Amino acid sequence: NISVASIPMKEQFGWTETTKGFVLSSFFVGYLLLQVVSGTLANRYGGKVVLGVAVLWWSVFTMLTPLAANGSLGALIGARIALGIGEAAVFPASINMVGRWVPAPNRSRAVAFFVSGLSLGTLVSLPVTGWLVREYGWPMPFYAFAIVGFVWVGVWAVGVGNGRGVEAEAEPVPTARPSIPWRRILTTPAVWAIVINHFCGNWLLYVLLAWLPSYFKTTFGVSIANAGLLSAAPWLVSFVMGNVAYAMGIGRGIT
């Protein structure tokens with residue numbers, strides 16, 4: 001939302017590009033801090049509970065974003081950090097559910113499905129945010145997407161079970177968890193290959209997500225709605241290529 005909405009917000013509040021950068025990047029403070037914590041909470045209370053609470057939490061702070069922005073820059077940055085705290089739980093909680101609910105032969109497929117949601121969600125949200133900003137003003141996307149989050153939490157709480165039927169088919173979760181072999185993990189080349197790949201991929205992902213709408217608006221003079229639409233192009237390619245790779249893997253018997 002804010003990657004598109006920050007264009008009129010910058011004009012309204014008289015931000016410099018540096019100030020805008022602080023606002024856009026403050027999300028990652030909370031996102032970084034709660035990654036490990038949310039994984040620990042998911043292991044203790046279950047991924048379903050943690051993910052449901054996380055979506056409720058970030059929907060609240062999404063809705064509070066316009067109020068915070070009109071209050072002060074510090075309040076806005078605080079709201080963005082709080083938003084990041086909530087979103088930090090997505091991958092740890094989801095991986096926890098895959099590990100507990102999904103039989104081992106199907107886990108790669110399950111992970112591919114939920115990770116593709118990142119591309120699909122961005123593909124939808126950028127153009128929709130641009131249209132909402134053009135038609136109703138920059139606060140509207142925050143209210144609209146917050147409401148979607150609240151509805152999702154209700155459906156999640158009522159309509160999703162605890163995975164116990166599937167859990168019986170999955171590998172049993174031991175009651176006494178062994179200690180994590182940190183030294184072995186941190187000295188394994190394959191682990192560092194994944195870490196470096198993820199770092200580079202995320203750097204590109206979030207630079208594009210945060211700044212591409214502004215780039216299209218300031219460099220080419222397109223409307224805010226078109227800036228949102230054009231910014232969705234990388235995620236369209238990502239989503240299509242991901243599904244092609246998935247289809248090829250299924251065709252070859254790779255799950």
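**Exercise 1.** State how many aromatic pairs the count comes to, and classify the pair of Phe 27 and Tyr 31.

*Solution.* The count comes to 13 aromatic pairs, where rings of Phe, Tyr and Trp (its six-membered ring) pair if their centres lie within 6.5 Å. Planes under 30 degrees apart count as stacked, over 60 as edge-to-face and the rest as tilted. Helices are DSSP runs (H or I, at least four residues), numbered from the N terminus.

The model is predicted: local features need pLDDT of at least 70, side-chain atom pairs count only at pLDDT 80 or more, and totals for chains, interfaces and linings use all residues. Residues are numbered from 1 along each chain as its sequence is written, and side-chain values use heavy atoms, with hydrogens and water left out.

**Exercise 2.** Describe how α3 and α6 cross and which residues meet.

*Solution.* Begin with the axes, which are lines fitted to C-alpha atoms over the stretch in contact, with angles from 0 to 180 degrees between N-to-C directions. The axes of α3 (residues 35–45) and α6 come within 8 Å and cross at roughly 35 degrees. Next, list the contacts (heavy atoms within 4.5 Å). From α3, Gln 35, Ser 38, Gly 39, Ala 42 and Asn 43 meet Pro 92, Ala 93, Asn 96 and Arg 100 of α6. Finally, sort this contact by class: 3 nonpolar, 5 polar and 1 charged residues. Here Ala, Val, Leu, Ile, Met, Phe, Trp, Tyr, Cys and Pro count as nonpolar, Asp, Glu, Lys and Arg as charged, and the others, Gly among them, as polar.

Conventions: Helices (H or I, at least four residues) and strands (E, at least two) are DSSP runs, numbered from the N terminus.
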